[in-house]
Amino acid sequence: MTTASPGSPAFSDRPASPGSPVGGTGSGRLAALLDRAATGREDQAWSDLWTELFHNGTLNVSDPLAMTALSDMARGDDTRTAAAALHLAGALLVQADQRHETRDLRSRRASEVARMVTSAGRLRRTTTDRSDYCYLLEALLDLEGDILWAEDLFWGIVGEEYELDCPDPECLAPVWVVVGERGFFSTDQDYALSDDVQTLPLHPAAPGALDGLGRRLYDMALTDGHAEVANALTYAFGEAACPTCGARFSVAGRITARTG
(Lines give C-alpha, C1' and ligand atoms only; values in the text may rest on other atoms or scores of the structure.)
Protein backbone atom coordinates (compact mmCIF):
# COMPACT_ATOMS: atom_id res chain seq x y z
CA MET A 1 0.00 0.00 0.00
CA THR A 2 1.38 3.41 -0.89
CA THR A 3 0.75 6.88 0.42
CA ALA A 4 0.22 9.99 -1.65
CA SER A 5 3.28 11.98 -2.59
CA PRO A 6 3.65 15.60 -1.43
CA GLY A 7 1.68 17.99 -3.59
CA SER A 8 4.24 20.75 -4.05
CA PRO A 9 7.60 20.51 -5.85
CA ALA A 10 9.07 22.53 -3.00
CA PHE A 11 8.48 19.51 -0.78
CA SER A 12 8.41 16.54 -3.14
CA ASP A 13 11.99 17.22 -4.22
CA ARG A 14 13.14 15.83 -0.89
CA PRO A 15 14.76 12.45 -1.64
CA ALA A 16 13.10 9.40 -0.13
CA SER A 17 16.45 7.85 0.74
CA PRO A 18 20.05 8.98 1.21
CA GLY A 19 21.79 9.93 -1.99
CA SER A 20 25.32 10.59 -3.16
CA PRO A 21 26.80 14.10 -2.92
CA VAL A 22 26.23 16.16 -6.05
CA GLY A 23 29.68 16.53 -7.60
CA GLY A 24 32.86 17.78 -5.89
CA THR A 25 33.38 18.25 -2.16
CA GLY A 26 33.26 20.92 0.52
CA SER A 27 31.31 24.00 1.43
CA GLY A 28 31.77 25.53 -2.03
CA ARG A 29 29.37 23.01 -3.51
CA LEU A 30 26.84 23.55 -0.70
CA ALA A 31 27.05 27.33 -1.15
CA ALA A 32 26.40 26.94 -4.88
CA LEU A 33 23.36 24.76 -4.23
CA LEU A 34 21.98 27.20 -1.69
CA ASP A 35 22.43 30.04 -4.18
CA ARG A 36 20.56 28.05 -6.84
CA ALA A 37 17.72 27.25 -4.46
CA ALA A 38 17.43 30.89 -3.39
CA THR A 39 16.64 32.02 -6.95
CA GLY A 40 13.22 30.35 -6.70
CA ARG A 41 13.46 29.34 -10.35
CA GLU A 42 15.01 25.89 -10.12
CA ASP A 43 13.11 23.09 -8.41
CA GLN A 44 15.95 20.65 -9.09
CA ALA A 45 18.18 22.71 -6.81
CA TRP A 46 16.08 21.66 -3.80
CA SER A 47 16.34 18.00 -4.70
CA ASP A 48 20.11 18.38 -5.11
CA LEU A 49 20.32 20.28 -1.82
CA TRP A 50 18.54 17.56 0.16
CA THR A 51 20.73 14.95 -1.51
CA GLU A 52 23.86 16.94 -0.72
CA LEU A 53 22.96 17.11 2.96
CA PHE A 54 22.09 13.43 3.29
CA HIS A 55 24.88 11.25 4.69
CA ASN A 56 24.28 7.67 5.81
CA GLY A 57 20.59 8.26 6.36
CA THR A 58 20.94 11.49 8.35
CA LEU A 59 21.20 15.14 7.48
CA ASN A 60 24.49 17.00 7.75
CA VAL A 61 23.65 19.76 10.22
CA SER A 62 27.19 20.91 10.97
CA ASP A 63 27.81 23.35 8.11
CA PRO A 64 26.90 26.89 9.26
CA LEU A 65 26.09 27.93 5.70
CA ALA A 66 22.86 25.98 5.64
CA MET A 67 20.95 27.53 8.55
CA THR A 68 21.98 31.09 7.68
CA ALA A 69 20.96 30.77 4.05
CA LEU A 70 17.71 28.98 4.84
CA SER A 71 16.77 31.64 7.38
CA ASP A 72 17.32 34.34 4.76
CA MET A 73 15.24 32.45 2.18
CA ALA A 74 12.41 31.91 4.67
CA ARG A 75 11.99 35.68 5.01
CA GLY A 76 11.92 36.28 1.26
CA ASP A 77 8.93 37.17 -0.91
CA ASP A 78 8.90 33.93 -2.92
CA THR A 79 6.48 31.78 -0.92
CA ARG A 80 7.48 28.45 -2.49
CA THR A 81 11.15 29.09 -1.78
CA ALA A 82 10.35 30.23 1.76
CA ALA A 83 8.25 27.13 2.44
CA ALA A 84 10.93 24.80 1.11
CA ALA A 85 13.57 26.55 3.23
CA LEU A 86 11.45 26.20 6.37
CA HIS A 87 10.89 22.50 5.72
CA LEU A 88 14.59 21.79 5.29
CA ALA A 89 15.59 23.96 8.26
CA GLY A 90 13.09 22.18 10.49
CA ALA A 91 14.42 18.80 9.41
CA LEU A 92 17.98 19.91 10.11
CA LEU A 93 17.05 21.02 13.62
CA VAL A 94 15.29 17.75 14.41
CA GLN A 95 18.38 15.84 13.24
CA ALA A 96 20.56 18.06 15.41
CA ASP A 97 18.35 17.44 18.44
CA GLN A 98 18.95 13.71 18.07
CA ARG A 99 22.75 13.92 17.98
CA HIS A 100 24.93 14.57 21.01
CA GLU A 101 27.53 16.63 19.14
CA THR A 102 25.00 19.02 17.56
CA ARG A 103 22.28 19.11 20.21
CA ASP A 104 23.03 22.76 20.93
CA LEU A 105 22.39 23.91 17.34
CA ARG A 106 18.91 25.15 18.23
CA SER A 107 20.21 27.38 21.04
CA ARG A 108 23.21 28.59 19.01
CA ARG A 109 20.90 29.65 16.19
CA ALA A 110 18.05 30.83 18.42
CA SER A 111 17.58 34.19 16.68
CA GLU A 112 17.45 32.60 13.22
CA VAL A 113 15.09 29.89 14.44
CA ALA A 114 12.79 32.51 15.98
CA ARG A 115 12.67 34.40 12.69
CA MET A 116 11.81 31.20 10.83
CA VAL A 117 9.03 30.38 13.29
CA THR A 118 7.59 33.82 12.54
CA SER A 119 7.92 33.17 8.79
CA ALA A 120 6.15 29.81 9.14
CA GLY A 121 3.28 31.51 10.97
CA ARG A 122 2.99 34.11 8.23
CA LEU A 123 2.99 31.56 5.43
CA ARG A 124 0.52 29.13 6.98
CA ARG A 125 -2.10 31.86 7.13
CA THR A 126 -1.90 32.43 3.37
CA THR A 127 -1.34 28.87 2.06
CA THR A 128 -4.41 27.42 0.37
CA ASP A 129 -3.13 24.04 -0.86
CA ARG A 130 -3.99 21.29 1.63
CA SER A 131 -0.71 19.36 1.33
CA ASP A 132 1.46 22.47 1.38
CA TYR A 133 -0.39 23.63 4.49
CA CYS A 134 0.28 20.32 6.26
CA TYR A 135 3.97 20.54 5.47
CA LEU A 136 4.08 24.07 6.84
CA LEU A 137 2.57 22.86 10.11
CA GLU A 138 5.16 20.08 10.17
CA ALA A 139 7.94 22.62 9.58
CA LEU A 140 6.55 24.87 12.32
CA LEU A 141 6.57 22.04 14.88
CA ASP A 142 10.07 20.98 13.82
CA LEU A 143 11.32 24.54 14.20
CA GLU A 144 9.73 24.83 17.64
CA GLY A 145 11.26 21.50 18.66
CA ASP A 146 8.37 20.36 20.85
CA ILE A 147 7.88 16.93 19.27
CA LEU A 148 9.94 14.55 17.15
CA TRP A 149 7.05 12.93 15.29
CA ALA A 150 5.63 15.86 13.31
CA GLU A 151 6.77 14.31 10.02
CA ASP A 152 4.88 11.06 10.67
CA LEU A 153 1.81 12.92 11.93
CA PHE A 154 1.41 15.05 8.82
CA TRP A 155 2.64 12.48 6.33
CA GLY A 156 -0.36 10.38 7.37
CA ILE A 157 -2.76 13.27 6.83
CA VAL A 158 -1.29 14.11 3.43
CA GLY A 159 -1.17 10.44 2.39
CA GLU A 160 -4.57 9.81 4.00
CA GLU A 161 -3.44 6.76 5.96
CA TYR A 162 -1.24 5.65 8.82
CA GLU A 163 0.52 2.30 8.76
CA LEU A 164 0.60 1.25 12.41
CA ASP A 165 0.53 -1.93 14.45
CA CYS A 166 -1.75 -3.22 17.16
CA PRO A 167 -0.42 -2.36 20.64
CA ASP A 168 -1.58 -5.65 22.14
CA PRO A 169 1.66 -7.65 22.66
CA GLU A 170 -0.22 -10.86 21.88
CA CYS A 171 -1.47 -9.50 18.56
CA LEU A 172 0.85 -6.87 17.00
CA ALA A 173 -1.07 -7.15 13.72
CA PRO A 174 -0.53 -4.43 11.11
CA VAL A 175 -3.33 -1.88 11.10
CA TRP A 176 -4.00 0.70 8.41
CA VAL A 177 -5.81 3.75 9.74
CA VAL A 178 -7.45 5.51 6.80
CA VAL A 179 -8.36 9.20 7.00
CA GLY A 180 -9.43 10.64 3.67
CA GLU A 181 -11.50 10.25 0.53
CA ARG A 182 -11.87 6.50 0.99
CA GLY A 183 -13.42 7.06 4.41
CA PHE A 184 -12.38 6.95 8.05
CA PHE A 185 -11.73 3.41 9.16
CA SER A 186 -9.14 0.86 10.28
CA THR A 187 -8.34 -2.36 8.44
CA ASP A 188 -5.73 -5.10 8.45
CA GLN A 189 -6.12 -5.77 4.72
CA ASP A 190 -5.01 -3.97 1.55
CA TYR A 191 -8.05 -1.81 0.96
CA ALA A 192 -6.36 -0.23 -2.09
CA LEU A 193 -6.70 -3.50 -4.03
CA SER A 194 -10.26 -4.36 -3.12
CA ASP A 195 -13.40 -2.76 -1.75
CA ASP A 196 -14.39 -6.02 -0.07
CA VAL A 197 -12.26 -5.76 3.06
CA GLN A 198 -13.08 -5.84 6.73
CA THR A 199 -13.12 -2.35 8.21
CA LEU A 200 -13.93 -0.82 11.57
CA PRO A 201 -15.01 2.82 12.03
CA LEU A 202 -12.61 5.22 13.66
CA HIS A 203 -13.49 7.16 16.80
CA PRO A 204 -12.51 10.82 16.31
CA ALA A 205 -11.79 13.03 19.26
CA ALA A 206 -14.52 15.54 19.95
CA PRO A 207 -13.06 18.97 19.15
CA GLY A 208 -14.07 20.26 22.57
CA ALA A 209 -12.25 17.36 24.23
CA LEU A 210 -8.96 17.99 22.43
CA ASP A 211 -6.16 19.46 24.50
CA GLY A 212 -2.46 20.18 24.17
CA LEU A 213 -0.96 19.70 20.73
CA GLY A 214 -4.14 18.28 19.21
CA ARG A 215 -6.22 21.29 20.26
CA ARG A 216 -3.57 23.75 19.12
CA LEU A 217 -3.28 22.20 15.64
CA TYR A 218 -7.05 21.85 15.29
CA ASP A 219 -7.60 25.50 16.18
CA MET A 220 -4.86 26.68 13.83
CA ALA A 221 -6.27 24.68 10.90
CA LEU A 222 -9.77 26.06 11.47
CA THR A 223 -8.51 29.62 11.86
CA ASP A 224 -6.44 29.30 8.68
CA GLY A 225 -9.42 28.06 6.65
CA HIS A 226 -8.42 24.38 6.45
CA ALA A 227 -11.50 22.67 7.88
CA GLU A 228 -10.63 19.41 6.10
CA VAL A 229 -7.25 19.27 7.83
CA ALA A 230 -8.87 20.13 11.15
CA ASN A 231 -11.31 17.25 10.69
CA ALA A 232 -8.50 14.82 9.82
CA LEU A 233 -6.69 15.89 12.98
CA THR A 234 -9.64 14.80 15.13
CA TYR A 235 -9.08 11.29 13.78
CA ALA A 236 -5.30 11.47 14.19
CA PHE A 237 -5.86 12.40 17.84
CA GLY A 238 -8.76 9.99 18.21
CA GLU A 239 -8.88 6.21 18.52
CA ALA A 240 -8.91 3.21 16.19
CA ALA A 241 -9.63 -0.48 16.73
CA CYS A 242 -7.56 -3.43 15.57
CA PRO A 243 -9.66 -5.57 13.19
CA THR A 244 -7.72 -8.68 14.25
CA CYS A 245 -8.20 -8.61 18.02
CA GLY A 246 -10.51 -5.66 18.61
CA ALA A 247 -8.10 -3.73 20.83
CA ARG A 248 -8.83 0.00 20.82
CA PHE A 249 -5.90 2.39 20.83
CA SER A 250 -4.85 6.01 20.46
CA VAL A 251 -3.77 6.75 16.89
CA ALA A 252 -1.39 9.54 17.96
CA GLY A 253 -0.05 7.26 20.69
CA ARG A 254 0.87 4.59 18.16
CA ILE A 255 2.46 7.18 15.84
CA THR A 256 4.57 8.37 18.76
CA ALA A 257 5.51 4.81 19.74
CA ARG A 258 6.57 3.99 16.19
CA THR A 259 8.70 7.10 15.95
CA GLY A 260 10.40 6.19 19.22
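Trainee: Does C242 count as buried or exposed?

Mentor: Start with the cut-offs: buried means under 20% relative accessible area, exposed means over 50%, and partly exposed covers what lies in between, with a 1.4 Å probe and protein chains only. C242 has 0% relative accessibility, so the residue counts as buried. Bear in mind that this is a predicted model, in which local features need pLDDT of at least 70 and side-chain atom pairs count only at pLDDT 80 or more, while totals for chains, interfaces and linings use all residues. Residues are numbered from 1 along each chain as its sequence is written, and side-chain values use heavy atoms, leaving out hydrogens and water.

Trainee: How many disulfides are there?

Mentor: A disulfide is a covalent bond between the sulfur atoms of two cysteines. The working rule asks for a pair of cysteine sulfur atoms within 2.5 Å. By that rule the count is zero. C171 is in no disulfide, and the nearest cysteine sulfur, in C245, is 3.8 Å away. The sulfur of C242 has its closest cysteine sulfur in C166, at 3.8 Å, and is therefore too far for a bond. C171, at 22% relative accessibility, counts as partly exposed.

Trainee: What share of the contacts joins residues at least 24 apart in sequence?

Mentor: A contact means heavy atoms within 4.5 Å. Among contacts between residues at least 6 apart in sequence, 60% join residues at least 24 apart.

Trainee: At what angle do α3 and α5 pack?

Mentor: Axes are lines fitted to C-alpha atoms, for helices over the stretch in contact, and the angle runs from 0 to 180 degrees between N-to-C directions. Angles under 35 degrees count as roughly parallel, over 145 as roughly antiparallel, 65 to 115 as roughly perpendicular, and the rest as oblique. Helix α3 (residues 43–53) and helix α5 (residues 79–97) pack at about 10°, with axes 12 Å apart. That is why α3 is described as roughly parallel to α5. The residues of α3 that meet α5 include W46, L49 and W50, and those on the α5 side include A84, L88 and L92.

Trainee: Which classes of residue make up the contact of α3 with α5?

Mentor: Ala, Val, Leu, Ile, Met, Phe, Trp, Tyr, Cys and Pro count as nonpolar; Asp, Glu, Lys and Arg count as charged; the others, Gly among them, are polar. The contact of α3 with α5 has nine nonpolar, two polar and two charged residues.

Trainee: Where is T234 found, and which backbone oxygen does its side chain reach?

Mentor: T234 is in helix α11 (residues 227–236), and its side chain reaches the backbone oxygen of N231 at 2.5 Å. T234 counts as buried, at 4% relative accessibility. Leaving aside neighbours within four places in sequence, its contacts include P204, L210 and Y218.

Trainee: What are the burial classes of R130 and R258?

Mentor: R130, in helix α8 (residues 130–144), has 17% relative accessibility and counts as buried. Its side chain and that of E228 are joined by a polar contact of 3.2 Å. R258, in helix α12 (residues 251–259), has 39% relative accessibility and counts as partly exposed. The side chain of R258 reaches the backbone oxygen of E163 at 2.4 Å.

How values were computed: Helices (H or I, at least four residues) and strands (E, at least two) are DSSP runs, numbered from the N terminus. A polar contact is a pair of N or O atoms within 3.5 Å; within protein, one must be able to donate a hydrogen and the other to accept it, and residues adjacent in sequence count only if both atoms are side-chain atoms.
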